[in-house]
Amino acid sequence: MPDRRNDIVGLFRRDLDRIELPPRDSWRPAPRKASYLMKTSRFVLYVGAVAAMLVAALIVGFGLRDRNSQVATSPGPVPATSTPLPNTTPEGPVLLLKVPTGSGDAPGVVPAAPGGISARGPQSVAVEGGKVFLWDEAALRVLVYTNQALTQKAPLTAARASAAALLVEADRLYLRDQDDSGKALVEDEFAIATGSRLRSAQLQSGDSSIYPRVRLGPTVVTNLAKGTPDPLGEDRSGNRYERLVPASSCGACTEFRRLDKSGAVLGSIVITTDTRFEDLSVSSDGGIYGLSWDRDGGNQISGVSVWTILAPTTAPTATTPTRTTTPPSAGFFKFPCGTVTAYVAPSATAAGSVALGTASFALAAGSGPITNAPPTVGSSICVNGDRSAEGVFTQFSISPMGEGICSTVLAYTPASATTPGTLDFGTPRPPVRIPVANGVTFTPAQVSGDQCFRVVPDAGGTAQVTAYIGPRQ
């Protein structure tokens, strides 16, 4: 029996032999079907590669942006200078004192009044010797804090409730009353220990400031013109202090500077804060301090905060203070008003003098006059300005002589029919002594406290008191 398997194999072989095959050199294996694991691994690799490229692109992009930003804000070359460069890194003020308002020993709040007058808390602050002095106008007193604890209350019953610009020097307090435009009207000096008023100056009448150094204010940080400095005051060394909004945009920031007498910048700080300062003061050792009000949820004044803005300096004290209040060895300055009988103008290198009646006043070299014309012989004037302990005017201006003086009477020597007396006053340049005309006398009540008197030149041009006007209003 024939083998059928061979017939079938032969059949298939014959059919296969009829199929044309490509040349052998063009043969290639059929693509192999990838497994599921292979596909997954390949997908992960692709995704990882794309992610790595994106991360690298982002890093390069941020680097270029930072570099461009640095180039755009980098300042130009800084010239060589011995003046310390200011700290221009925006910072925040440092909290020095925080106390709630209220009654009793707490600082008070003056309530709102008709006519759109808003409530107000303490409006002025001074920091000296590690102590914070807060002018509590609601109670007419100065509260003294040491290490955030109330240590003293100085009642100033004779102070004006509208006064501000608190300054502390040794055992004295100073306050200034001014109008809405900031023009000074009256200045008062008080004893810290007792709160009694020692002297007063009517600045609108041409009197000189009784402050021992420059203290501007009250100062409220409002919309300052960019790049325009606003003066704050001076320290005991005569360094000046100012604030300004930098010309370059830095958000809610303000720059505070310390400058020497030539105007060179000794130190600076830029602070960024939304705090509204109701007052800014300069301490005798060169610190700048700010006063702000805290408010509760109902926008009512609930507390007071005092901030350190620029730390004090250890700069040496100047040998001559900016303003002198020390009288000469005789105890009193001569009253610088009367009829001009002689005048020698000071030059930049030589001293001058002015004679008012029989009294002569020395004028330091380079002292003025400032802001107005020099005096002329025969005119009745007052010389205003700062004087040294010897009574020499270190700077001066001229104003017409009025017909009276209103000041605090310090002492009184009655006149006789043939001999002049004297009245000692706390202003216009503390303290001063004015002759009382022969035969003019006053009662004890008329020479006690703040009083007003008529003062006119005698025949020789020397100022003298001739009559009592009344108490100062």
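1. In this predicted model, the side chains of K153 and D105 form a salt bridge, with N and O 2.7 Å apart. The pair links distant parts of the chain, 48 residues apart: K153 sits in strand β6, and D105 in the loop between β2 (94–100) and β3. K153 is partly exposed, with a relative accessible area of 42%, and D105 is partly exposed, also with 42%.

2. Strand β6 belongs to an open sheet of four strands, ordered β3-β4-β5-β6 and paired antiparallel. β3 (124–128) and β6 (149–155) are the edge strands; each has a single partner, so one side of each is left without a neighbour in the sheet. On average, neighbouring strands are turned by 20° against each other, direction ignored.

3. β3 and β4 (residues 131–136) are joined by five bridges. S124 has W135 in β4 as its bridge partner.

4. The whole structure holds 19 salt bridges. One of them joins R141 to D136, with the closest N and O atoms 2.8 Å apart; both residues are buried.

5. R243 and D230 form a salt bridge at 2.9 Å between the closest N and O atoms. Because R243 is in β12 (residues 240–244) and D230 in β11 (residues 230–234), the pair ties together parts 13 residues apart in sequence. R243 is buried at 2% relative accessibility, whereas D230 is partly exposed at 23%.

6. F393 lies in the loop between β22 (380–384) and β23 (397–400) and counts as buried, at 1% relative accessibility. Its contacts beyond four places in sequence include P336, F361, L363 and V383. A362 is another contact, 31 residues away in sequence and 6.3 Å away, C-alpha to C-alpha.

Definitions and conventions:
Residues numbered from 1 in each chain as written. Predicted model: local features only at pLDDT ≥ 70, side-chain atom pairs only at ≥ 80, totals over all residues. Heavy atoms only, no water. Pairing = 2+ DSSP bridges. Helix = DSSP H or I, 4+ residues; strand = E, 2+ residues; numbered from the N terminus. Axes fitted to C-alpha atoms, helices over the stretch in contact; angles between N-to-C directions. Buried < 20%, exposed > 50% of the residue type's maximum accessible area, 1.4 Å probe, protein only. Contact = heavy atoms within 4.5 Å. Salt bridge = Lys/Arg side-chain N within 4 Å of Asp/Glu carboxyl O.
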